[in-house]
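These are my notebook entries on a single protein chain.

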Amino acid sequence: MNIRNCLFILLLLGCAGITAQVQPRDSEERAIRQMCTDIATRYSEATLQDVYKTCYQDFFGAEHLMRDTVAARNYLHYELEQMAKEPISNGMPFFEPTGFRHRYVRVNLREVTEKRMTEEELLHLFFEAAGDERIQSLRSETTNGWAEEWRHIECIALLVHPAWGNEALQKVLREAAEAKQAVHHSEPFRSTYKPHYRIIKNQLKSK
């Protein structure tokens with residue numbers, strides 16, 4: 001999907017429906033634009049893959065990160081041990097909202113290594129997010145609302161930051177969205193920022 005097609009699709013979206021329907025869409029578009037601007041400003045090495053990741057996390061929460069509580073607990077402990085041996089100042093904030101709706105928050109593991117939160121406190125919040133009932137209902141939907149949402153996000157992201165355009169990556173991400181699959185951070189993002197965090201619910205959001 002190129003930028004010209006994105007402009008055309010957004011024009012159609014903007015012209016469709018009555019005013020009451022358009023206003024929420026306009027508000028959503030502004031939020032997506034702001035999210036993309038924030039990502040590009042804070043993380044110059046980020047790619048469209050990293051935009052997908054934060055939006056996927058915002059849509060599905062932490063469920064995909066936790067297959068069983070024992071493994072999740074053990075891996076968190078291991079990760080914290082490694083960080084304690086080699087303290088990492090990765091440039092990521094202690095708390096960062098996901099996506100553009102901010103339903104969840106990324107908690108930097110430095111919260112624990114710097115004694116601002118205990119390991120058990122973080123695990124409790126993480127397990128709570130992973131058990132979100134809303135996520136279970138989204139997973140069982142027969143329609144793929146996530147794929148539709150990602151197509152909309154992709155269009156706006158490429159308008160805001162054209163340098164993110166990469167046809168091969170865009171195809172991979174659309175296929176992942178159709179399958180409701182998570183992705184890793186891009187290699188440039190991982191090597192530059194060394195992300196270590198867990199997802200918790202944003203307590204300020206009702207959904």
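**Entry 1. Terms and source**

I count two strands as paired if DSSP finds at least two bridges between them. Helices (H or I, at least four residues) and strands (E, at least two) are DSSP runs, numbered from the N terminus. The model is predicted, and I therefore note that local features need pLDDT of at least 70 and side-chain atom pairs count only at pLDDT 80 or more, while totals for chains, interfaces and linings use all residues. Residues are numbered from 1 along each chain as its sequence is written, and side-chain values use heavy atoms, with hydrogens and water left out.

**Entry 2. Overview**

I looked up the secondary structure and found 10 helices and 3 strands. Along the sequence, the elements follow the pattern α-α-α-α-β-β-α-α-α-α-α-α-β. I took buried as under 20% relative accessible area, exposed as over 50%, and partly exposed as in between (1.4 Å probe, protein chains only). On that basis, 45% of the 207 residues count as buried. For contacts, I required heavy atoms within 4.5 Å. Among the contacts with a separation of 6 or more, 80% come from residues 24 or more positions apart.

I then went through the pairings. Strand 1 and strand 2 run antiparallel and are joined by 3 bridges. Glu-96 has Arg-106 of strand 2 as its bridge partner. The hairpin of these two strands has 6 residues between them, and Gly-99 there takes a positive phi near 50 degrees. Strand 2 (residues 104-108) pairs with strand 3 in the antiparallel sense over 5 bridges. Arg-106 stands opposite Ile-199 in strand 3, and Val-105 stands opposite Ile-200.

Why did I note strand 2 as largely enclosed by the rest of the structure? I did so because 5 of its 5 residues are buried. In a regular strand, side chains alternate between the two faces of the sheet. In strand 2, Tyr-104, Arg-106 and Asn-108 point one way and Val-105 and Val-107 the other way, and all are buried.

I compared helix lengths with an expected span, which is 1.5 Å times one less than the number of residues. Helix 3 (residues 48-60) has 13 residues and reaches 18 Å from its first C-alpha to its last, close to the 18 Å expected. Since 13 of the 13 residues of helix 3 are buried, I recorded helix 3 as largely enclosed by the rest of the structure.

Ala-72, Leu-76, Glu-79, Leu-80 and Met-83 are buried in helix 4. They cover an arc of only 100 degrees around the axis, which puts them on the same side of helix 4. The arc is that of the directions from the helix axis to the C-beta atoms. The buried residues of helix 4 pack against helix 5, helix 6 and strand 3. On the other side of helix 4, Val-70, Ala-84 and Lys-85 are exposed.

**Entry 3. Cysteines**

How many disulfides does a search of the whole structure find? I found 0 disulfides, a disulfide being a pair of cysteine sulfur atoms within 2.5 Å. The sulfur of Cys-55 is 6.9 Å from the closest cysteine sulfur, in Cys-36, and this is too far for a bond. Cys-55 is buried at 2% relative accessible area, and Cys-155 is buried at 3%.

**Entry 4. Positive phi at lysine**

Most residues other than glycine have a negative phi. I noted Lys-115, whose phi is positive, near 65 degrees. Lys-115 is in the loop between helix 5 (110-113) and helix 6, and is exposed at 74% relative accessibility. Lys-180 has a positive phi of about 55 degrees. Lys-180 lies in the loop between helix 9 (167-178) and helix 10 (187-193), and is buried at 12% relative accessibility.
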